[in-house]
Amino acid sequence: MSRLYDTVEPSVIDEEMLQKAVEEQGPKDEAGKIAKKEGINFSDVLSLRLDFKNILKIDNLWEFTSLTKLQLDNNIIEKIEGLDTLVNLEWLDLSFNNIEVIEGLEKLTKLQDLTLFNNHISKIENLDSQKNLHVFSIGNNELKDIKDILYLRRFPNLKTLNIANNPVSSEENFKLYIAAFLPSIEFLDYRLIDQQTKAVAYEKFQSQVEEQIDKDNKARILEEIQEQKELEIQNHREAYVEYLNTDKLFEEMYADDPEEKS
């Protein structure tokens, strides 16, 4: 969607913009005057609005380590980046931007509400660390593959999903497909999915759902095996490091060597 301010020179997130935003959104009256006079520590800020500022690149937010809510909607952002230090973020709005790929969110493990409405995203991916995701809005994008819905099965806490106005959402029985394969969803495109709809959906897709559950279980087992192998490798590495500066590792290597003993 085109916006009038797209023709304006892109803005940079700098110290001046951040200071102004924090002061505008901070306490008012006497408390605000005192805060402005003494200075506001960015690391203490919990909520920050940077919407409608024609921002092209996310940058210089590394000091906002306590931030739980960040509003970056209605800008011209093309890439999700510069958020790694915001490890306490729970709510992130990146709607109405020019984003094409979901990325750069790996460190945001506390994220509960993610809005990517009205961008240019064609695939749901790179959200594996968002185990606490509760609300996900990705309507008005370019999703075409029904398998994107299956990706969302890994989020057991996901209750609200907005996915309307994507090419995939025009497919026949799309709502029933959502209800069948994502049984945890309670609100789809701002409407409640009642139990009757869920029952009808499950009946319609029962064999496919059961097949998918079997695939999920097998994938989970393989993942657990892989995690166990990686843990063992890590333990071995740590053990070797522990004995690296001693004779213990050398002695163990030749402990059962008869030629060495002779």
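A nonpolar core is a set of buried Ala, Val, Leu, Ile, Met, Phe, Trp, Tyr and Cys residues joined through side-chain atoms within 4.5 Å, where buried means under 20% relative accessible area (1.4 Å probe, protein chains only). This is a predicted model, in which local features need pLDDT of at least 70 and side-chain atom pairs count only at pLDDT 80 or more, while totals for chains, interfaces and linings use all residues. Residues are numbered from 1 along each chain as its sequence is written, and side-chain values use heavy atoms, without hydrogens and water.

The largest nonpolar core has 59 residues, of which Leu 61 and Phe 136 touch the most other members.

| Helix | Residues |
|---|---|
| H3 | 147-151 |
| H5 | 195-243 |

H4 gives the most to this core, with seven residues. Beyond its neighbours within four places in sequence, Phe 136 is in contact (heavy atoms within 4.5 Å) with residues including Ile 102, Leu 114 and Asn 162.

Eight strands (DSSP runs of E, at least two residues) form an open sheet of mixed pairing, in the order S2-S4-S5-S6-S7-S8-S9-S10; two strands pair if DSSP finds at least two bridges between them. Strand S2 (47-49) and strand S10 (191-192) stand at the edges with a single partner strand each, so one side of each has no neighbour in the sheet. Strand S9 (residues 187-188) pairs with S10 in the antiparallel sense over two bridges, and Phe 187 stands opposite Leu 192 in S10.

Key:
Helix = DSSP H or I, 4+ residues; strand = E, 2+ residues; numbered from the N terminus. Buried < 20%, exposed > 50% of the residue type's maximum accessible area, 1.4 Å probe, protein only.
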